[in-house]
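Subject: Handover of a structure, with findings

Dear colleague,

Please find below the structure that I am handing over to you. A description of the findings follows it.

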Amino acid sequence: DFARKDVDLPQNSPNELLKDLHANFINQYEKNKNSYHYIMAEHLRVSGIYWCVNAMDLSKQLERMSTEEIVNYVLGCRNTDGGYGPAPGHDSHLLHTLCAVQTLIIFNSIEKADADTISEYVKGLQQEDGSFCGDLSGEVDTRFTLCSLATCHLLGRLSTLNIDSAVRFLMRCYNTDGGFGTRPGSESHSGQIYCCVGALAIAGRLDEIDRDRTAEWLAFRQCDSGGLNGRPEKLPDVCYSWWVLASLAILGRLNFIDSDAMKKFIYACQDDETGGFADRPGDCADPFHTVFGIAALSLFGDDTLESVDPIFCMTKRCLGDKQVEMYY
Ligand SMILES: COc1ccc(S(=O)(=O)N2Cc3cc(-c4ccc(C=O)o4)ccc3N(Cc3cncn3C)C[C@H]2Cc2ccc(O)cc2)cc1
Ligand SMILES: [Zn+2]
């Protein structure tokens, strides 16, 4: 069967950012009667909170969030092992530990977390070969290398980890096509490239890769619709806009893609009734695709948004001197 490799942008697609509509979409996750405790699936909740809070910060509307309630909820997800779970009483995982730290930094409340116990938790998940497991289930993924280096960097505890072995493992995941996969030998994927390029940038080791070759693989993700996909022959999706654009920004190669066509696709993913972004035009909006659609537009310099840091997907405002100085 002929698999569609692209989408058509509907004629009446939005052609600008519907910023206030998105703020209302995100906020409805926050109203008392629909607070996170009910709306957001428990196994996702702390990550969902980071996506919502970050979307509001990028949209310059953070003051509409109930800071204290959210900060206390996140702190309530801390476990005795030093890590954070997705909700109170859930086991710790690197994905949610990073989102918890990111949320606390956005609310300028990172001093309420214990940097030493969190970084010791992360260190405990690094393997002999330099890789990281997401939790005690033992799954290794280059995504978890980014979570580990980003969490420890944001806490000022990067030296807790073995950075040399972490970089050696990442380079074993570097494919001849210029991309990175989940583990050594895995096929290249936009999301994994974002994780590996981001981790190398935090480690100050971007000179280990051929940045033009990697940027070229990323540029080939652009479809006729202007949207970016995760792998060859896949459909474009607005969250891949973020993975690909942020990677190109870190590599100093944003000029490798057609930004006007890209923006047109991102605008078309907005839902002009409910607010929010869907993965592609016509689908249901969700907070995950909303934050990455807004972050991608911020990378293009939309001055109605806060400027976003490509490595951490957080505003430069909240990161301050936690930003990694880049060299191109
Ligand atoms: C709806 O189906 C899924 C599938 C995977 C996941 S995930 O947690 O493994 N994850 C993030 C993710 C979230 C959503 C979503 C819906 C509603 C909310 C509320 O905030 O968030 C939706 C999708 C999604 N995915 C799956 C995906 C996105 N685009 C294409 N796909 C297949 C990504 C997935 C992995 C992930 C990526 C980044 C990250 O920081 C954390 C997890 C969640 C829901
Ligand atoms: Zn997506």
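May I begin with a question: is Gly-282 buried or exposed? With a relative accessibility of 80%, Gly-282 counts as exposed; the term means over 50% relative accessible area, while buried means under 20% and partly exposed lies in between (1.4 Å probe, protein chains only).

This is a predicted model, in which local features need pLDDT of at least 70 and side-chain atom pairs count only at pLDDT 80 or more, whereas totals for chains, interfaces and linings use all residues. Residues are numbered from 1 along each chain as its sequence is written, chains are lettered from A and ligands numbered from 1 in the order in which they are written, and side-chain values use heavy atoms, with hydrogens and water left out.

Gly-282 belongs to the loop between helix 12 (259-268) and helix 13; helices are DSSP runs (H or I, at least four residues) numbered from the N terminus. Its C-alpha atom is separated by 8.5 Å from that of Gln-270, 12 residues apart along the chain.

The aromatic residues come next. Rings of Phe, Tyr and Trp (its six-membered ring) pair if their centres lie within 6.5 Å; planes under 30 degrees apart count as stacked, over 60 as edge-to-face and the rest as tilted. By this rule there are 8 aromatic pairs. In one of them, Trp-51 and Phe-288 are edge-to-face, at 5.0 Å centre to centre and with 85° between the planes. This pair links distant parts of the chain, 237 residues apart: Trp-51 is in helix 3 (residues 45-58) and Phe-288 in helix 13 (residues 287-299). Trp-51 is buried at 14% relative accessibility, while Phe-288 is partly exposed at 24%.

Why is the pair of Trp-243 and Phe-288 tilted? Their ring centres are 6.4 Å apart and their planes are at 55°, so the pair counts as tilted. Trp-243 lies in helix 11 and Phe-288 in helix 13, so this pair ties together parts that are 45 residues apart in sequence. Trp-243 is buried, at 15% relative accessible area. Ring pairs join Trp-51, Tyr-194, Trp-242, Trp-243, Phe-288 and Phe-292 into a cluster.

Finally, the largest nonpolar core has 118 residues, and Trp-242 is among the members that touch the most others. Such a core is a set of buried Ala, Val, Leu, Ile, Met, Phe, Trp, Tyr and Cys residues joined through side-chain atoms within 4.5 Å. Helix 11 (residues 238-251) contributes the largest share of this core, 12 residues.

Yours sincerely

Methods
Helix = DSSP H or I, 4+ residues; strand = E, 2+ residues; numbered from the N terminus.
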